[in-house]
Amino acid sequence: SRDITERKRMQEELRIREATVERILLGAPVGIAKVTNRRITLANDHFCETVGYTRKEVVGMPTRAFYLSDEDYERTGRMFYTGAQERGKTAAEVTFRRKDGRAIDILLTMTPMDPDNPQAGATFMVMDISERKRALEALKRSAAELAESNRLKDIFTDVLRHDILNPLFGIDMAARLLETRES
């Protein structure tokens, strides 16, 4: 007979670690998916909510389904896989299509499981930044409107200054004439 106590202890530690990682993945406030060969192999609830699919629908789905065009899909793939090999992780703002067809702006972060082996897969984190993008656009519009208002205010104050100073010049001239007459 052999003592398997150490092996049982290691198996229990591994089970606890796996359960911990799964709880972190499933409870994360950001969408997380594992992708292998550009197909989703694992996804948390937040990822599914972001893209509008159930976990059952999304697992096995090619990542191409989320992009608006083949060009976006290919460009993002090149950028991510090149960046991952150079830096170990990559992030970009991309536009995804949800199941309902609505386009959403996403902050997409990719970390390869093994940077030297793209076949090992990668983890993706997605965050819907549509509201942030809309707020930024509204802020840009407001800044442009404010700049235009300031330009119009400057024109108005110049005209007003001119209109106020013109009568003063006339009064000044009349006062000088009276002054010269009295002398």
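## A buried strand residue and an enclosed cavity

At 12% relative accessibility, A92 counts as buried. Here buried means under 20% relative accessible area, exposed means over 50%, and partly exposed is in between, with a 1.4 Å probe and protein chains only. The model is predicted: local features need pLDDT of at least 70, side-chain atom pairs count only at pLDDT 80 or more, and totals for chains, interfaces and linings use all residues. Residues are numbered from 1 along each chain as its sequence is written, and side-chain values use heavy atoms, with hydrogens and water left out.

A92 sits in strand β3, residues 90-97. Helices (H or I, at least four residues) and strands (E, at least two) are DSSP runs, numbered from the N terminus. Contact means heavy atoms within 4.5 Å. Beyond its neighbours within four places in sequence, A92 is in contact with M79, F80, I106, L107 and L108. The C-alpha atoms of A92 and F80 are separated by 8.5 Å, and the two residues are 12 apart along the chain.

Now take N44. This residue is in the loop between β2 and α2 (45-51). N44 is buried, with a relative accessible area of 0%. Leaving aside neighbours within four places in sequence, N44 touches L25, L26, A28, V30, G31, I32 and R55 by the contact rule. R9 is 35 residues from N44 along the chain, and their C-alpha atoms are separated by 29 Å.

Next comes backbone geometry. Most residues other than glycine have a negative phi.

| Residue | Phi | Place |

Is N37 buried or exposed? N37 counts as exposed, at 53% relative accessibility.

What about the whole chain? The protein chain has five helices and five strands. Along the sequence, they follow the pattern α-β-β-α-α-α-β-β-β-α. The C-alpha trace spans about 135 × 40 × 30 Å along its principal axes. The radius of gyration is 33 Å, whereas a compact globule of 183 residues would have one near 16 Å. That radius is taken over C-alpha atoms, and the globule rule is 2.2 Å times the number of residues to the power 0.38.

Of the 183 residues, 25% count as buried. The accessible surface comes to about 13000 Å², and carbon and sulfur atoms hold 58% of that area. Accessible areas come from the Shrake-Rupley method with a 1.4 Å probe; for residues, only the protein chains shown count as cover. Among contacts between residues at least 6 apart in sequence, 39% join residues at least 24 apart.

Finally, look inside. Rolling a probe the size of a water molecule over the atoms shows where empty space is left. A cavity is a set of points, on a 1 Å grid over the protein atoms alone, where a 1.4 Å probe fits but cannot get out; lining residues have an atom within 4 Å of a point. Grid points are joined across faces, edges and corners, and a volume is the space filled by probe spheres set on the points.

How many cavities of 30 Å³ or more are there? The count comes to two. The largest cavity has a volume of about 150 Å³. Its lining has 16 residues, and V35, T63, Y67, L108 and F124 are the closest to its centre.

Which elements each supply at least two residues of this lining? They are β1 (31-36), α4 (70-87) and β5 (122-128). The largest share, four residues, comes from α4. By class, the lining has 12 nonpolar, three polar and one charged residues. Ala, Val, Leu, Ile, Met, Phe, Trp, Tyr, Cys and Pro count as nonpolar, Asp, Glu, Lys and Arg as charged, and the others, Gly among them, as polar.

How values were computed:
1 Å grid on protein atoms, 1.4 Å probe; cavity = no way out; pocket = protein on both sides within 12 Å on 5 of 7 lines; lining within 4 Å.
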